[in-house]
Amino acid sequence: MNTFHKKLTALRHAFHRDPELGFQELKTKAVVADHLRGLGLDVHVSAGVVGVLRAGHGNRAIGLRADMDALPILETSTHDYVSNTPGVMHACGHDGHMTMLLGAAETLAKNPDFDGTVVFIFQPNEEHGLGARAMIDAGLLETFPIDEVYAIHNLPGAPVGQISTRVGQVCASESLFEIEISGQGGHASMPHVGVDAITVGSEMVQALQAIVSRKLAPGAGAVVSVTEFLTDGQRNVLPGHATLKGDARARLPQDRLDIERFMRQIVDGIAAAHGVTAKVQFVTEFIETINARDPVDAVVRAANAMGLEVIGDRDAMSFSEDFAHFCAAVPGCFLLLGNGENGPHGQPLHAADYDFNDALLPIGAAFWAQLVRDRLPTRETLL
């Protein structure tokens, strides 16, 4: 392990020991900002942290994003840099994402052999789908206009250093729904006197599954899951009120809109049939992440130039990603970087014993630097 790799590893372990939840990343932001200032970048701190590095006279600018927040999970790892905050851990690798981007900033600041502007974006609260929107709403893209934007996410179970991405939809949307049913409770021995909210809710749970199986095209990849069924019933009391909560995923914006429309139709119809009232709340936390062709092609070229294993047309992922809001604003590419297949590096994201693979730190930093040099070439490079 060379000096640079050791330095990045120590930084990543420091982030891992001191995790912070979304919109609470105060220490994390301070460390990131100080590191960028030490490299000579123009640094701006608000909801997140932005570092700007300019070289040459080019007008083009690209954005590189890393997420900063941790998760409310009690870590069960046994390594010597476990979380110092019980119940909070970097179980998704955001500690590694930050470190790779800081490594790229150091590489490029020491050797600014590109022509244009790089905007290093360190985003808060990715896990709840709120951080990207907060930075955009605060004027990020007006203050630091960029022509395209990129983000890396590690992928447990994939070979170390393998890069994969795709044109078009790469991550699903996530929408949370809540259905409130108001019937008429009563004695368990006399169900005919009232309207049992459990019976109505159960009928809705079953009918909602027909959205995917009968309302959307086969292979749409949508999911509608009821995850909570809450009532005010007791041992011998039929409930008059029930609440259904759940999660819906979609690969395409139109499917997401159709899921909401069909859900409202089903709930209204069943409620009317039973003479009860029902209300539906449907809130989209994450929109679909849609990759643009030119940035995807750029990622594939940069990875090939480094000799990395590349999959340029991988299957879309079922998880959701807050980076979607950046891709909706400017052409972008979300790419996956293999975290390893064994041990803590192969454990699923959000697992209590997952760990980011330190072997990726120099690979990710070098990839970012390669991409910048490819997308913002100097005149000498073009010649």
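Modeller: One cut-off to start: buried means under 20% relative accessible area. Keep in mind that this is a predicted model.

Biologist: Fine. Is Phe323 buried or exposed?

Modeller: Phe323 has 0% relative accessibility, so it counts as buried.

Biologist: And Phe326, buried or exposed?

Modeller: Buried, because its relative accessibility is 1%.

Biologist: How are the rings of Phe323 and Phe326 arranged?

Modeller: Their centres are 5.9 Å apart. The planes meet at 40°, so this pair is tilted. Planes under 30 degrees apart would count as stacked, and over 60 as edge-to-face.

Biologist: Which residues form the aromatic cluster?

Modeller: Phe323, Phe326 and Phe334 make up one cluster.

Biologist: How many aromatic pairs does the count come to?

Modeller: The count is 3 aromatic pairs. Among them is the tilted pair of Phe323 and Phe326.

Biologist: What about Phe367 and Trp368, what kind of pair is that?

Modeller: Tilted, because the planes are at 50°. The ring centres lie 5.8 Å apart.

Biologist: Are those two buried or exposed?

Modeller: Phe367 is buried, with a relative accessible area of 1%. Trp368 is at 2% relative accessibility, so it is buried too.

Biologist: Switching to charges. What sits over the ring of Phe262?

Modeller: The charged end of Arg261 does, 4.5 Å from the ring centre. The charged end of Lys215 also sits over that ring, 5.5 Å from its centre.

Key:
Residues are numbered from 1 along each chain as its sequence is written. This is a predicted model: local features need pLDDT of at least 70, side-chain atom pairs count only at pLDDT 80 or more; totals for chains, interfaces and linings use all residues. Side-chain values use heavy atoms; hydrogens and water are left out. Rings of Phe, Tyr and Trp (its six-membered ring) pair if their centres lie within 6.5 Å; planes under 30 degrees apart count as stacked, over 60 as edge-to-face and the rest as tilted. Buried means under 20% relative accessible area, exposed over 50%, partly exposed in between (1.4 Å probe, protein chains only). A charge sits over a ring if NZ of Lys or CZ of Arg is within 6 Å of the ring centre and within 35 degrees of the ring normal.
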